[in-house]
Each structure stands twice: as structure tokens, then as C-alpha cells.
Amino acid sequence: MSTNFCYTIVKNLRPYVKYFPQLTKQTMRILIQICVHYIETSKPVNLEREALNKLTHAGLVVPENFCELFAAISQIMQTYLRTPIGTVKLNELKECLKEDLKLNDECIEDLVKVLHNHRVSLTKNFIESRTVRNCTKHMQWRINISLSQELPRGQDPITPTIILHFYLPDGRCRTLELPMAMFHHLRYNLAILLSEMQSLEQRAVMKKF
């Protein structure tokens, strides 16, 4: 298996491993359906509502950490589709999902089956949907400071947060509020990403494009 693929999967999904025991075979199948829909569509849809409706109509209990489970399965599928065909062998993929992520055998079997049998069409639709999916047209940010007089003595009553406004080409606006610690974590990861992109651009093979 590509060591990069396994490293990326384990690194990104380590925080989600604790939620995987909530997965059943039926719940996993619905999550896969929703993830495929998300991968293949370029139109904005309420995936959470659609998934919860499917779970309810199937008579299944909605997992406590449903959003985290959806994010994890979606990341697995998208990371796999980004790798060149043939790089990740099926038996090694199963081993990674079982040994590193602790998924149960039934869930692994369904996920691997979809990724293997529909790899070509999923990859094609994934690439096409990403090219037309809404990107941020404009972004604004501001610092929000809240004052509280009810905190215990000794704690700072000033709690600043960062507000990010993302404006999409279709006129919609998405707002994200981050505490300072999370904002600094975001800055750190963006700095690493930009550094890696710069290193990649300096390679001889990339200068041909």
C-alpha cells in the first residue's frame, strides 16, 4: 500500500476512532450512500437531514456522534479516490481499516466493496463535481470580544473569538466562529500546507505543468 495513503488516513482519522464502535452494518450502508451522493453531486444539499431521514425510515437508532462518523467515512472515501488506481491494494486497505482504524469486518466489507466495484465512476464524478462545486468568492473576518462578569475570580472575563464570513458565487454566505486556540491551530496547519505546496512546486516534474 502507498505509505502516504495509510499515513494520511491514520493521521486524519485518529480522533474519530473512538466513535467507530457506534457503527452497525445498516448504519454504515446509509453513511456510504450519503457519502457517495456528496461525492457525486455539485449541488448544495442538506446531507445531515437526508441521512437522518434514511436512518429514521429504516427504523435505526441515530448514532450519538453521527456527524463525526459521516466526516470520517467521507474522508476515507475521498482520500482513496485521490490516490492513483492500483496504488492501494484491497487486502492492504482492509488491513488498514481493521488494524489502524478498528472498524468491524462487516463495515469494512461494505466500504471496500463500494470503493472497488465503483472506483472508476466514483473517481470521474468526484473530479467533475469538484470543478463545479461552489468555491469562496470573497472572505471577510473580524474579532468578536465578549465580556462576562459571571466568571469565577481569577479567570479572564474577555473571551475573543474569530468570525469568518465566506461569500459564495451564488450569493449565499457561510459564517464560522472559532475560539482563539482553534484559530491558531488553523493558522499552523495552513502554514504547513503552504510550505508543502511550495516544496512541491519546486520539483522538476511540476515545472512541466
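Visitor: What does the accessible surface of the protein chain come to, and what share belongs to carbon and sulfur atoms?

Guide: This is a predicted model, in which local features need pLDDT of at least 70 and side-chain atom pairs count only at pLDDT 80 or more, while totals for chains, interfaces and linings use all residues. Residues are numbered from 1 along each chain as its sequence is written, and side-chain values use heavy atoms, without hydrogens and water. By the Shrake-Rupley method with a 1.4 Å probe, the surface is about 14,200 Å², with 55% belonging to carbon and sulfur atoms.

Visitor: How many helices and strands are there in the protein chain?

Guide: Both are DSSP runs numbered from the N terminus: helices are H or I with at least four residues, strands E with at least two. The protein chain has eight helices and three strands, in the order α-α-α-α-α-α-α-β-β-β-α from the N terminus.

Visitor: Is Thr83 buried or exposed?

Guide: Buried means under 20% relative accessible area, exposed over 50%, and partly exposed in between (1.4 Å probe, protein chains only). Thr83 counts as buried because its relative accessible area is 12%. Thr83 sits in the loop between α4 (66–82) and α5 (90–100).

Visitor: Which residues does Thr83 touch?

Guide: A contact means heavy atoms within 4.5 Å. Leaving aside residues up to four places away in sequence, Thr83 touches Phe5, Val88 and Arg119.
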